[in-house]
Amino acid sequence: MLEFDFSLAFKENLKSGISFEELMEHSGVAMTALRKVIDSKPGFIRILGTDKYIKEVEDIADWLGKFDNIVVLGIGGSALGNIALHTSLKPLNWNSSGYDRKGKARVFVVDNVDPEFLEATLSEIEISKTLFNVISKSGTTAEAMANYLIVRGILDKEGLVPADHLLFTTDPEKGVLRKIAQEEGIKTLTIPQDVGGRFSVLTPVGLASALAEGIDIRALYHGARIALERYGNLEARKNPLIINALLHLDAMKKGKSISVMMPYSNRLYLLADWYRQLWAESLGKKYDLDGNEVFTGQTPVKALGAVDQHSQIQLYNEGPKDKIVTFLRLEKFLTDYEIPRLYTDINALSYLGGKSLSTLLNSEQRGTAFALAKNGVPNLTISFPVLNEEHVGEFIFYYELLTAVMGELLHINPYDQPGVELGKKITYGLMGRDGYEELLNEYSGDHWG
Ligand code: PA5
């Protein structure tokens with residue numbers, strides 16, 4: 001199980017802040033929010049009660065196994081979960097040409113419409129040995145659809161049968177992808193209607209590419225189910241979810257508008273990217289309070305230890321006191337190096353000799369955490385004993401549940417994202433989509449030059 005250390009988040013070890021006992025005065029309200037979220041059974045919880053989505057993916061395992069490469073075409077919640085699973089659960093050089101993957105697929109995620117990025121991926125792969133998994137719940141997202149159309153054009157040009165190289169992961173009934181799939185006999189996987197993009201990594205959205213690259217998706221589920229059992233039931237004082245929710249709420253009330261996640265592990269780094277979307281899109285909301293607009297949310301930032309000690313930590317220690325920091329740390333790495341005992345007469349180097357590289361990395365994490373506390377910056381550490389499916393599943397579900405509880409505590413709906421619509425619509429207008437002319441006129445003129 002994951003381990004949580006909150007000791008450097010409390011007044012006792014900070015120059016200022018809240019004490020554990022003061023925090024616990026609010027535990028009742030947090031426990032009520034937790035119960036309310038669990039009892040309302042949102043989609044991301046409901047899916048753990050069934051193996052339906054695991055089986056749906058396992059049913060096409062043999063077909064997935066035929067491809068050397070899986071290329072995901074999607075964006076936001078339809079991409080970040082795939083990236084998080086791939087980077088955290090596979091070795092960092094998994095996609096390298098020389099790496100022995102024992103017949104499992106390489107996984108690429110094209111989540112932007114940057115032509116150079118798409119080209120870089122396409123030039124890495126042999127199209128005839130590739131499956132393109134087009135993931136879009138709505139089936140209308142411009143970025144995913146544009147990349148699909150380009151790939152579709154390439155398949156046609158190369159004389160390949162599209163249905164042999166395409167998989168659509170989309171809404172069970174609605175959307176153009178579902179329609180095209182039905183008309184053209186393209187295989188599909190389901191994104192449950194009650195699971196929003198950023199909460200969908202444990203649906204076929206994340207599971208298909210994970211299975212194709214040899215990730216144990218049942219163990220992922222096991223970890224998530226352990227998390228539901230553990231964080232859904234522990235009493236407040238012992239519940240890392242309640243403590244974390246209240247700490248972040250307290251931080252927000254005190255003007256700490258930035259939540260940094262700083263993994264000390266390259267494989268953990270992009271879990272922080274997944275977290276960034278979850279926290280930002282779910283909690284960054286405006287609402288009406290007695291006729292006044294209230295703006296809420298916290299800006300999530302990702303940083304990498306030890307790299308960003310040489311870039312960000314000066315600011316975190318001595319800059320504005322507007323941050324709460326969550327460290328992720330890994331106790332046992334897949335591999336390690338012992339630093340040779342060379343230059344024993346040079347003090348600046350000799351202390352490193354005989355130590356492992358991971359000991360240095362984790363000591364830096366500890367050192368940074370203490371330094372932040374000394375500078376009055378509340379921080380907490382989540383430790384992964386090892387980086388495996390069970391712990392990643394637990395981490396994912398812990399954060400999904402935490403985010404939903406935060407939504408409840410902030411009195412907002414964490415599952416929608418109305419604030420992204422306007423920009424999308426103006427883009428439609430700029431791209432000449434029918435029906436958006438008026439909107440474009442409204443925003444054009446002076447603004448567009
Ligand atoms: O979390 C969300 O709902 C969004 O980030 C979506 O995942 C993202 O906009 C992509 O949407 P779709 O899957 O409909 O293409």
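**Figure 1. Contacts of E281 in the predicted model.** In this predicted model, E281 is in contact with R198 and Q417, when its neighbours within four places in sequence are left aside. E281 has its place in helix 14, which covers residues 266-283. Inside 10 Å of E281 there are 23 C-beta neighbours, so E281 counts as buried; the cut-off for a buried residue is 20 or more.

Figure 2. H310 lies in a loop, between strand 10 and helix 15 (313-318). With 8 other C-beta atoms within 10 Å, H310 is exposed, because a residue with 12 or fewer falls in that class. In an unreviewed entry, UniProt lists E281, H310 and K424 under "active site". These residues are spread over 144 residues of sequence, and they are also spread in space, with up to 36.9 Å between C-alpha atoms.

**Figure 3. The shell around the ligand.** The ligand is surrounded by 14 residues. The closest are G76, G77, S138, T141 and G197. By class, the shell holds nine polar, three charged and two nonpolar residues.

Figure 4. Five strands form an open sheet with mixed pairing, in the order 1-12-11-7-10. Strand 1 (3-5) and strand 10 (299-302) are at the edges; each has a single partner strand, so one side of each is left without a neighbour in the sheet. On average, neighbouring strands of this sheet are turned by 20° against each other, direction ignored. Helix 13 (residues 240-253) packs on the sheet and touches strand 1, strand 7, strand 11 (323-332) and strand 12 (379-386). The direction of helix 13 makes about 150° with that of strand 11.

**Figure 5. Strand 7 and its partners.** Strand 7 spans residues 258-264 and runs parallel to strand 10, to which four bridges join it. Along this pairing, S259 stands opposite P300, and V260 stands opposite V301. Strand 7 also runs parallel to strand 11, and seven bridges join these two strands. Here Y264 stands opposite R329 of strand 11. Strand 7 is mostly covered, as six of its seven residues are buried. In a regular strand, side chains alternate between the two faces of the sheet.

Notes: Residues numbered from 1 in each chain as written. Predicted model: local features only at pLDDT ≥ 70, side-chain atom pairs only at ≥ 80, totals over all residues. Pairing = 2+ DSSP bridges. Axes fitted to C-alpha atoms, helices over the stretch in contact; angles between N-to-C directions. Contact = placed C-beta atoms within 7 Å. Near = placed C-beta within 6 Å. Nonpolar A, V, L, I, M, F, W, Y, C, P; charged D, E, K, R; others polar. UniProt positions renumbered as here; feature names shortened; annotations may be inferred.
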